[in-house]
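Colleague: I would like to learn how to read the features of this model. Please take me through them one by one.

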Amino acid sequence: MITWQEGDPRVVWLSNGRLRLGIVPALGGRLLSLSGEDGRELLWRNTELLTADLRFTEGHVHRAVSGSLGDWVNYGGDKTWPAPQGWDRDDQWAGPPDPVLDSGAYTATTEEHDGTAAVTLTSGDDPRTGLRLTRRFDLRRDENAYRLTLSARNTSDRDVRWALWNVTQLAADGEGGTYVGGAERVTRLLAGTGYPEWEQRGDATFVPHQDVVGKLGFPAATGWLSHTADGTTLTQRFAVDPHAEYPDQGSRVEVWLEHPLPEPLAELGDLDPPARIVEGEVLGPLTTLRPGQETTLTIDVEVRTCPA
C-alpha cells in the first residue's frame with residue numbers, strides 16, 4: 001500500500017503488513033524510516049531535525065547545502081551517492097554536503113501492481129559529476145524484505161567514471177555490530193580518532209559497536225552485510241563482480257563508525273558527529289559512462305527478528 005503524507009516535508013509511505021518504509025523525496029530521496037511489525041525504528045534518524053512522522057522539528061528549515069563536512073545537515077537514513085569521495089581531484093565526489101545529489105529535491109513516482117508497491121525517486125542533473133541518480137523501492141505483499149534498485153545516468157556531454165555508493169545509517173549505541181561476508185581482508189581507510197577494531201567470525205568479519213570515528217573497507221566482500229542490534233538483523237545482499245575495479249582500494253563494502261566528540265574534527269572538515277552511528281555502505285564497481293549511458297546496482301534488504 002502507498003500513502004502520501006502531506007506537510008513539511010511531504011512523505012511517501014510504503015507498507016505491506018510486515019514492513020513500513022518512509023521516504024522523503026525533498027531530502028535527497030532518502031529512506032528515513034524503516035520499521036517491522038513491532039513498529040520499532042531500524043534506521044538512525046536525527047531527531048533534532050525530524051519528528052517520528054518525518055516532519056521538520058519546530059524551527060528547522062531545509063535548504064540545499066554545499067561546503068565542507070562541517071556544513072553537512074545529516075538527517076540520517078538511507079541514501080545514494082557517487083564514489084569515490086574526496087576533495088582533491090575532479091574524479092572525486094566532494095560531498096557530503098552536495099546541493100543536488102545529497103540535499104537536493106528528488107522527484108517521485110509511485111505504482112502498484114501484482115502485489116507490489118513501488119516508489120521511484122529521481123535526482124536533478126548534477127553538473128559537477130555529470131550524473132542523475134535514481135532510487136527505486138519495490139515492496140511485495142507479505143514479505144519482510146524490499147528491493148532497492150539504484151542507477152546513475154550520465155546526463156553530461158563528457159565521459160565520466162563513477163561507482164554507485166549506498167549508505168545506510170543505523171544506531172550504534174548499545175550492544176551490536178556489523179557482519180561483512182567474506183574472507184578477512186580489511187583495509188584501513190580513514191581514521192578520524194582511530195580505525196575501528198574487527199574480528200573474524202566464521203565466513204564473515206564482525207565490526208562491533210565502538211566509540212571511534214573511522215572507516216574500514218572490505219575488498220573481499222562476497223555480497224552481503226548484516227547489522228544486528230536490539231533483537232533485529234537487517235541484511236543487505238547484492239552482486240559483486242570479481243573482475244571489476246572498485247573505489248577506495250577495491251572496497252565492495254565499507255563500514256563507518258562515529259560518536260559525539262568534545263569538538264569538531266578539524267582534519268575532517270570540521271565534521272561534528274551528532275550521535276553514535278554506524279554506516280553500512282554498499283558500493284558498485286567503477287564504471288566509465290559515455291553521455292547517455294547508465295550503471296545500476298540492486299540491493300535486496302531483509303529484516304529478521306533474532307532468536308531469543
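Modeller: We start with the rings: the structure holds seven aromatic pairs. Rings of Phe, Tyr and Trp (its six-membered ring) pair if their centres lie within 6.5 Å; planes under 30 degrees apart count as stacked, over 60 as edge-to-face and the rest as tilted. Note that this is a predicted model, where local features need pLDDT of at least 70, side-chain atom pairs count only at pLDDT 80 or more, and totals for chains, interfaces and linings use all residues. Residues are numbered from 1 along each chain as its sequence is written, and side-chain values use heavy atoms, with hydrogens and water left out.

Colleague: Why is the pair of W81 and W165 edge-to-face?

Modeller: A pair of aromatic rings is described by the distance of the centres and the angle of the planes. For W81 and W165 the centres are 5.1 Å apart and the planes lie at 70 degrees, so the pair is edge-to-face. The pair links distant parts of the chain: W81 is in strand β5 and W165 in strand β10 (residues 160–171), 84 residues apart. Helices (H or I, at least four residues) and strands (E, at least two) are DSSP runs, numbered from the N terminus.

Colleague: Is W81 buried or exposed?

Modeller: Buried means under 20% relative accessible area, exposed over 50%, partly exposed in between (1.4 Å probe, protein chains only). W81 has 3% relative accessibility, so W81 counts as buried. W165 also has 3% and counts as buried.

Modeller: W165 has a further partner. The rings of W93 and W165 have centres 6.3 Å apart and planes at 85 degrees, so this pair is edge-to-face. W93 sits in the loop between β5 and β6, 72 residues from W165. Both W93 and W165 are buried.

Colleague: Which residues do ring pairs link into a cluster?

Modeller: W72, W81, W93 and W165.

Colleague: Now the sheet. In what order do the ten strands run?

Modeller: Two strands pair if DSSP finds at least two bridges between them. The ten strands form an open sheet with antiparallel pairing, in the order β6-β7-β8-β9-β21-β17-β16-β11-β14-β13. The edge strands, β6 (107–113) and β13 (199–201), each pair on one side only. Inside that order, five bridges join β11 (residues 177–182) to β16 (residues 221–229). Y179 stands opposite S226 in β16.

Colleague: S226 is in view. Which residues line the largest cavity?

Modeller: First the idea. On a 1 Å grid over the protein atoms alone, a cavity is a set of points where a 1.4 Å probe fits but cannot get out, and a pocket is an open set with protein on both sides within 12 Å along at least five of seven lines; lining residues have an atom within 4 Å of a point. Grid points are joined across faces, edges and corners, and a volume is the space filled by probe spheres set on the points.

Modeller: Here the search finds one cavity of 30 Å³ or more. The volume of the largest cavity is about 40 Å³. Its lining is L170, T178, L225, S226, H227, L234, Q236 and G280. β16 gives the most, with three residues.

Colleague: How many residues line the largest pocket?

Modeller: The largest pocket is lined by 23 residues, and the closest to its centre are Q85, W87, L190, K215 and W256. Its volume is about 440 Å³. By class, its lining has 14 nonpolar, three polar and six charged residues. (Ala, Val, Leu, Ile, Met, Phe, Trp, Tyr, Cys and Pro count as nonpolar, Asp, Glu, Lys and Arg as charged, and the others, Gly among them, as polar.)

Colleague: Last, the backbone. Where is the cis peptide bond of P96?

Modeller: Most residues other than glycine have a negative phi, and most peptide bonds are trans. A cis bond joins G95 and P96, with omega about 0 degrees. P96 lies in the loop between β5 and β6. Another cis bond joins D8 and P9. As for phi, L54 has a positive value near 70 degrees. L54 is buried, with a relative accessible area of 0%. D142 also has a positive phi, near 65 degrees, but D142 is partly exposed at 44%.
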